Amino acid sequence: MIPLTTLAALPLPWPFEREYMQLALAAGLVIGICAPLIGVYLVQQRLSLMGDGIGHLAFAGVAAGLLLEIWPIWTAMLVAIVGALAIEWLRSRGRTTSDLALALWFYGGIAAGVVIASRAGDGGLAIVPYLFGSILTIDRSDVQVIVLLGLAIIGSLALFGRALFAIVVDEESARVAGIPVGAGNALLAVLTAVTVVAAMRVVGVLLIAALMVLPVATGRVVSRSFRGTMAVSAGIGAAAVVLGLAAARQWALAPGGSIVLVAAVVFGITSIVGGRRTAAPVSVIPADRPPGDEHDGHQHHHDHRHDH
Amino acid sequence: MTPPAVLAAHGVSFSYGDETAVERVDLTVAAGEFVALVGPNGSGKSTLLRLLLGLLRPDAGTVEVLGAAPGDLRDRWRVGYVPQRRILDLDVPATVAEVVTSGRTARRGWWRFPGRADREAVDHALEAVALADLRRRPVGALSGGQQQRVLIARALVSEPAVLVLDEPIAGVDRESQRLFRDSLVHLVDHHDSAVLLVSHELGAVAADLDRVVVMKRRVLFDGPPDELASTGVHLGVHADDLPRWLEDLAP
């Protein structure tokens, strides 16, 4: 690995004029863009907490890596992917119908992580950066891995995103049409695991799901199309990284938490402003309904369920 | 010559645990045929559809779709399916055009980008259900009848050889029913596709049906609408009476 002191920083303005901030920015932007892109599909599948659960499992993988003195990224990746596929397998067979079953699975993961880490020497302190993120201590090799994982995520979505869209719109019709629904859902689980592992050093396993969900929640309020939702969500994720890092630098805050707080504030503001705005189109629908649509009272009620 | 059967059930039975839903059902639908499947609630209609589509495996008997067992069928996109709207969550943040385009994914090859043929097919399907003007509208903001037409357009867009619809016009306005009827008749007449329709409300299509199949776990009647009418059931005029009449049927 090349020592950081030998590298020249790019001529970027404050707060990214220093090398360590530029590395943080590069890693953060990859995660800020990729996490919401995966999150758009997870939220639509009602799997918003999937990232959180896999984060807990990845934590056990990190602890195993520290114990075995293997780079924790790889052990976390192995445990997260195996765990994600197991969760998807159980879900597809209707065997995890209760929150309780998933909770046992997830908290088993974090408990295993704590126990394994306690055996890894230094009292388990080495695991703390993975819990809350440590984006400001990230080095070049971390960034390289994160960029490669990000490219794998975006490449997979470019190739399989249309099939995943057909699946999240209507899984049963997609299955009838011959789209490989099982493989698609397994791919989504694996991509979620890869995103979680890539994001561990950026925001930490406890906050990963927030970057998969909050920008998407905002994107769904302001966008009319699926493509637009993906673009807006990724844009907000990237903006949250830039603003969160700037705030962390200015006021010496925890960067992972700052990034997530920016995403949460953006969602809060958007849902208040956007809620008022989206109420309008629903209320004017009858104006362009065809004659006779007044019989359709049931669906009218359904539409209002989604008012914000 | 008899047209080839595109959907066939031979002695099919299926149970949910101890409860028999479908019992020794024989049913065939030929190319170019427009068939309605009717029966009271809980009579096994939707279960039979799911068996025919390969979403469930029969406990006994066999199913053929386009001449093959559902699991062996290649080019599955030739089977169009319109599920019950009320069990589908259309709050997806997507436009009408995006949802309809997703119906071409399997036919095009799920890894490929949509091309000109796909865009033309989407335009055609949207025109068939009179939604071309709303193509950029978020699907969640449409009325129930319009959403139903989106689902029908999504099934039509792959130009299926057989179209299976589960309660597609439940709670839908009259104008949407008329457009729905026109699009199905067009599919049967111009593309020689087969249509199997499960519905309680057959008034809109009563005059266009080739056959009506009445089931209550088993098939109780299978014949042309005129023959059913001779028993006192008039699909077009007394559509609402049909389920009540069926409830009185002996199993």
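Among the contacts in chain A between residues at least 6 apart in sequence, 74% join residues at least 24 apart, a contact being a pair of residues whose C-beta atoms, placed from the backbone, lie within 7 Å. The model is a predicted one, in which local features need pLDDT of at least 70 and side-chain atom pairs count only at pLDDT 80 or more, while totals for chains, interfaces and linings use all residues. Residues are numbered from 1 along each chain as its sequence is written, and chains are lettered from A and ligands numbered from 1 in the order in which they are written.

Chain A has twelve helices and zero strands, where helices (H or I, at least four residues) and strands (E, at least two) are DSSP runs numbered from the N terminus. Of the 308 residues of this chain, 49% count as buried; a residue is buried if 20 or more other C-beta atoms lie within 10 Å of its own, exposed if 12 or fewer, and partly exposed in between, with C-beta atoms placed from the backbone.

The largest nonpolar core has 181 residues, and those with the most contacts inside it are Ala58(A), Ala80(A), Val197(A), Leu211(A) and Ala153(B). Its largest share, 18 residues, comes from helix α1 (residues 19-44) of chain A. Such a core is a set of buried Ala, Val, Leu, Ile, Met, Phe, Trp, Tyr and Cys residues joined through C-beta atoms within 7 Å. Not counting residues up to four places away in sequence, Val197(A) touches Ala58(A), Ile73(A), Ala76(A), Met77(A) and Ala80(A).

In chain B, six strands form an open sheet of mixed pairing, in the order β5-β6-β7-β3-β8-β9, two strands being paired if DSSP finds at least two bridges between them. The edge strands are β5 (79-82) and β9 (218-223) of chain B, each pairing on one side only, and the twist averages 15° from one strand to the next. Four bridges join β5(B) to the parallel strand β6 (residues 162-166) of chain B, and Val82(B) has Leu165(B) as its bridge partner in β6(B).

Helix α5 (residues 144-156) of chain B lies across β5 and β6 of chain B, running at about 170° to β5(B). Helix α6 (residues 174-191) of chain B lies across β3 (34-38), β6 and β7 (194-198) of chain B, at about 150° to β7(B). Axes here are lines fitted to C-alpha atoms, for helices over the stretch in contact, and angles run from 0 to 180 degrees between N-to-C directions.

Helix α1 (residues 45-52) of chain B is largely enclosed by the rest of the structure, because eight of its eight residues are buried. Gly54(B), whose phi is positive, near 80°, follows α1(B).

Key: Two residues are in contact if their C-beta atoms, placed from the backbone, lie within 7 Å.
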